[in-house]
Amino acid sequence: MDPYVILTCRTQEQRSSTASGQGSEPEWNENFVFTLSDNISELRLKIMDSDTFTSDDIVGEATIPLDALFTEGRIPVTAYNVVKDQEYRGEIRVGLTFTREEHRSRGYNAEGERGYNAEEENFGGWKESSFID
């Protein structure tokens, strides 16, 4: 198996590298940054198996609720169930960090004065996973 992961947070999507030759226990140790706004409640992971001559296969999916991330600032490496067709397929271990960054953009305040404000919020990263063949 040559797995990779598609991470989706609302309309933003990012893809990990392919863990070629790592079989059912790949390690990525990659970081991903998403820009967040209000009402973001989950991060969805779709684990795929890369195939050369046919379309890639879906290994399974995992959903990570983000409420604790926003209140605690981070979620330590935690195992999340990977499910396909309502069947347990293994787990993926992910750690998340929430960082509030100030992004300066030109704008006007309530008094019509020109200024800089607005914030972007970012999180990302995971370490390893394992799947049942």
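## The aromatic pair

Phenylalanine 70 is partly exposed, because its relative accessible area of 29% falls between the 20% limit for buried and the 50% limit for exposed. The model described here is a predicted one. Phenylalanine 98 has a relative accessibility of 13% and therefore counts as buried.

How many aromatic pairs does the count come to? The count comes to one. That pair is formed by phenylalanine 70 and phenylalanine 98, with 5.1 Å from centre to centre and 80 degrees between the planes, an edge-to-face arrangement. Phenylalanine 70 belongs to helix α1 (residues 67–72) and phenylalanine 98 to strand β7, so the pair ties together parts that lie 28 residues apart in sequence.

## Overall architecture

Read from the N terminus, the order of elements is β-β-β-β-β-α-β-β-β-β.

The chain has 133 residues, of which 33% count as buried. Among contacts between residues at least 6 apart in sequence, 50% join residues that are at least 24 apart.

In soluble globular proteins, nonpolar side chains tend to be buried together. In this model the largest nonpolar core has 24 residues, and the members that touch the most others are Leu43, Leu45, Ile64, Ile92 and Leu96. At least two residues of this core come from each of β1, β4, β5 (57–65), β6 and β7. Strand β7 supplies the largest share, four residues.

Leucine 43, one of those core members, sits in strand β4 (residues 42–49). With a relative accessibility of 2%, leucine 43 counts as buried, since the limit for that class is 20%. The C-alpha atoms of leucine 43 and threonine 63 are 5.8 Å apart in space, while the two residues are separated by 20 residues in sequence.

## Salt bridges

Side chains of opposite charge can pair when their charged atoms come close. A search of the whole structure finds two salt bridges. One of them is between the side chains of glutamate 42 and arginine 44, at 3.5 Å from N to O. The other joins glutamate 61 to arginine 44, where the closest N and O atoms are 3.7 Å apart. Glutamate 61 lies in strand β5 and arginine 44 in strand β4, so this pair ties together parts 17 residues apart in sequence.

Serine 16 is located in the loop between β2 (12–15) and β3 (27–30). Is serine 16 buried or exposed? Its relative accessibility is 2%, so serine 16 counts as buried.

The side chain of serine 16 has a polar atom 2.8 Å from the backbone nitrogen of valine 5. The side chain of serine 16 is also joined to that of tryptophan 28 by a polar contact of 3.4 Å.

## A charge over a ring

Arginine 15 is placed over the face of tyrosine 4, at 3.6 Å from the ring centre.

## Positive phi values in loops

Most residues other than glycine have a negative phi. Arginine 10 has a positive phi, near 55 degrees, and lies in the loop between β1 (3–9) and β2.

Aspartate 85 also has a positive phi, near 50 degrees. The position of aspartate 85 is in the loop between β6 (74–84) and β7 (87–108). Aspartate 85 is exposed, because its relative accessible area of 67% is over the 50% limit for that class.

Methods:
Residues numbered from 1 in each chain as written. Predicted model: local features only at pLDDT ≥ 70, side-chain atom pairs only at ≥ 80, totals over all residues. Heavy atoms only, no water. Buried < 20%, exposed > 50% of the residue type's maximum accessible area, 1.4 Å probe, protein only. Polar contact = N/O pair within 3.5 Å; in protein donor to acceptor, adjacent residues only side chain to side chain. Core = buried A, V, L, I, M, F, W, Y, C linked by side-chain atoms within 4.5 Å. Phe/Tyr/Trp six-rings, centres within 6.5 Å; stacked < 30°, edge-to-face > 60°. Lys NZ or Arg CZ within 6 Å of the ring centre and 35° of its normal. Salt bridge = Lys/Arg side-chain N within 4 Å of Asp/Glu carboxyl O. Contact = heavy atoms within 4.5 Å.
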